[in-house]
Amino acid sequence: MRVLTELDLRHKYRGQMPKEIAVSNHTLITPSARHYLKETGTELIIQHETGDRRPEPGCPGIVCKCPDILKKIGDIKLAVSGRHVHLSQKDVEVLFGEGYRLTKKGELSQFGQFSAEETVVLVGPKGIIIGARVLGPERSQTQVEISRTDGHRLGIIPPERDSGDLAGTPGITLIGPRGTVDLEEGVITALRHIHMTSEDAKRMGLKDHDKVQVRVAGPRSLVYDEVLVRVRDDFNLEMHLDTDEANAASLATGTAGTIWISGEDSDV
């Protein structure tokens, strides 16, 4: 779904606005873009798939609203996920010693998951990162989650993947106090996603692996599109995004957002 902003209009037309602009009915038009169109007297033509053009009462300059674009279905708390490592028990023992078990540092928001006392060094082709936090419990396969910025520092281009989808991903070297692990694959940038229970999903009309849009307000308000929905009954309702995505909107863990999906009852 495309988002039309005032900046888009100013950049494309350089102040020489045409009499009318046509966009798809799947385009989200920001309030600032609507205001700019009215200010410049530009008529916005919204083309539906059938090609019709329906008038929008009480909205000068807009020939057709998009009644089937988006509707709000709920609120969500956001959590910023910094770089971290999930280790298999085998790799735990290589890095920290035979028979070693991770030491719990603090509980995480998702049930049964915790931040460990242990950290490792990440070694890439072009650089290193010291102190990458290990998260528990142990998993069947070691997975390293970093941001794109971290990837530049390490010399790695991590693909955007759902957790556990590691086939064909870059490798990396992990260094612990007792040993070194050379991963052939396992480095990703996690897709931004929402954890929710089946009850949450039912209430919002969603299912596992649906995609939604999340909006956050503020001086650097932002729309996060293509947000993956992950449904499991031991999850806690929360959206996770990495540090790059959070910095783009100047937000911190605990920031509130709203969830939107396609629907005829949109009030945008």
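Modeller: V214 stands opposite Y224 in β17, and V214 also stands opposite I259 in β19. The model is predicted, so local features need pLDDT of at least 70 and side-chain atom pairs pLDDT 80 or more, whereas totals for chains, interfaces and linings use all residues. Residues are numbered from 1 along each chain as its sequence is written, and side-chain values use heavy atoms, without hydrogens or water.

The strand β16 spans residues 211-216, and β17 spans 222-231 (strands are DSSP E runs of at least two residues, helices H or I runs of at least four, numbered from the N terminus). β16 and β17 run antiparallel and are joined by 5 bridges; strands pair if DSSP finds at least two bridges. The two strands form a hairpin with 5 residues between them, and in this turn G218 has a positive phi of about 125 degrees. β16 is also joined to β19 (residues 256-261), again in the antiparallel sense, through 3 bridges. Because 5 of its 6 residues are buried, β16 is largely enclosed by the rest of the structure (buried is under 20% relative accessible area, exposed over 50%, partly exposed in between, with a 1.4 Å probe and protein chains only).

A pocket is an open set of 1 Å grid points where a 1.4 Å probe fits, with protein on both sides within 12 Å along at least five of seven lines, and lining residues have an atom within 4 Å of a point. The second largest pocket is lined by 18 residues, of which T30, P31, R215, S221 and V223 are the closest to its centre. The elements that each give two or more residues to this lining are α1 (6-13), β3 (28-29), α2 (31-40), β16 and β17. Among them, α2 gives the most, with 3 residues. By class, the lining of the second largest pocket has 10 nonpolar, 5 polar and 3 charged residues.

Just after α2, G41 takes a positive phi of about 75 degrees.

For comparison, the largest pocket has a volume of about 730 Å³. It is lined by 40 residues, and H84, H86, Q113, L135 and H240 lie nearest its centre. Elements that give two or more residues to this lining include β5 (71-81), β9 (128-139) and β18 (238-242). The greatest share comes from β9, with 6 residues.

A further hairpin joins β12 to β13 through 4 residues. β12 (residues 172-175) and β13 pair in the antiparallel sense over 4 bridges, with I175 opposite T180 in β13. Strand β13 (residues 180-183) has V181 and L183 on a covered face, and T180 and D182 on an uncovered one.

How values were computed. Points joined across faces, edges and corners; volume = space filled by probe spheres on them. Nonpolar A, V, L, I, M, F, W, Y, C, P; charged D, E, K, R; others polar.
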